[in-house]
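Hello,

Here is the structure you will be taking over. Please open it first; my notes on what was found follow below.

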Amino acid sequence: MRGAIGNTSSPTDLSDFLRARRSRLTPEGIGLTPAGGRRRVAGLRREEVAKTAGISVDYYTRMEQGRVTGASPEILDALATALRLDDVEARHMHRLAGADSRPRRRRTVPVQDPPQTARPILKNMLESLHGMPALVMGHGMTVLAWNRAAAALLGDFASMDPADRNLAKLTFLDPASRSLYARWEVCARENVAYLRLEAGLYPGDPVLTSVVGELAFRSPEFRSLWAEHPVQDKTSGTKAFRHPIVGELQLTYETLRAADDPRQALLAYTPADSASADALRLLLDWTADAPTAAGTPLEHL
């Protein structure tokens, strides 16, 4: 699996991304009449992508083979349109091609970066959220801080090894997650898509490289999804849970990012309906006397 272990972004990533996006489209889906001849693989042919983007087949072929450097933003924009990329995917492709339109957000993180700690403003916000599951997520989906409601919903972070306090690791490596998340496959793909987005923004990040490397080694499902190159930001949405204590919950989540460090985010979950609100209250009442990390540093409140 190229680009997954040792370095989260490599020269082959643009090639892999283009092939993955080409394979998910059909001529009919983009308004083309299919070219004659039997198709050996699913998706568009290179000449169909090149025709739709208005570039030569030879140039596009060399791009997929990793033999083009310095592709212009205009060509990348044309490819984004041809491949039906959304805004997040298009920006990701620009970054992989070295043509990021927002270079100030792209940086290579030095190996000597200090350990992650939750930003004070996010910790203060977390402390104020009572009865609402919330956590602070850092680089590579690492959980830096959480409240009691989040521990009741997602797991006892205080009892975990710090290296295991990671949403992506819990999703792929903890068997309990497959029953906790009612749509586990959707959740798993979203996590991979977010890690791919981070990999494009921060190539060489040691935390992200470690997380991706471990998941690639230990989870065949992660390897398969990573190879598909999904890309998606984590902003807001709805997650369905099947909690072992209170059963089904539908919770919406919102992501609030720190202005001085956009890689840290506060994730807060709220009930999507009255039945979920009742189930969440029951869960918090049921776990009220459970051991917590009260009295320990704020990260664990």
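Arg22 sits in helix α1, where helices (H or I, at least four residues) and strands (E, at least two) are DSSP runs, numbered from the N terminus. This is a predicted model, in which local features need pLDDT of at least 70 and side-chain atom pairs count only at pLDDT 80 or more, while totals for chains, interfaces and linings use all residues. Residues are numbered from 1 along each chain as its sequence is written, and side-chain values use heavy atoms, with hydrogens and water left out.

Is Arg22 buried or exposed? Arg22 counts as buried because its relative accessibility is 13%; buried means under 20% relative accessible area, exposed over 50%, and partly exposed in between (1.4 Å probe, protein chains only). Leaving aside neighbours within four places in sequence, the contacts of Arg22 (heavy atoms within 4.5 Å) include Gly43, Leu44, Val49, Tyr60 and Glu64. Leu83 is also in contact with Arg22; the two are 61 residues apart in sequence, yet 6.4 Å apart in space, C-alpha to C-alpha. A polar atom of the Arg22 side chain lies 2.8 Å from the backbone oxygen of Leu44.

The neighbouring helices come next. In α2, the residues Glu48, Val49, Ala50 and Ala53 are buried, and the buried residues of α2 pack against α1, α3 and α4. Gly54 follows α2 and has a positive phi, near 75°.

Helix α3 covers residues 57-64, with Tyr59, Tyr60, Thr61, Met63 and Glu64 as its buried residues. These pack against α1 (12-23), α2 (46-53) and α4 (73-82). Just after α3, Gly66 has a positive phi of about 75°.

Met63 is also one of the residues with the most contacts inside the largest nonpolar core, which has 76 residues. Such a core is a set of buried Ala, Val, Leu, Ile, Met, Phe, Trp, Tyr and Cys residues joined through side-chain atoms within 4.5 Å. Helix α10 (residues 184-201) gives the most to this core, with 9 residues. Another core lies apart from it, with 11 residues, among them Leu126, Ala134, Leu144 and Leu266.

As for the whole protein chain, its secondary structure comes to 13 helices and 5 strands. Of its 301 residues, 50% count as buried. Among contacts between residues at least 6 apart in sequence, 61% join residues at least 24 apart.

Regards

Methods
A polar contact is a pair of N or O atoms within 3.5 Å; within protein, one must be able to donate a hydrogen and the other to accept it, and residues adjacent in sequence count only if both atoms are side-chain atoms.
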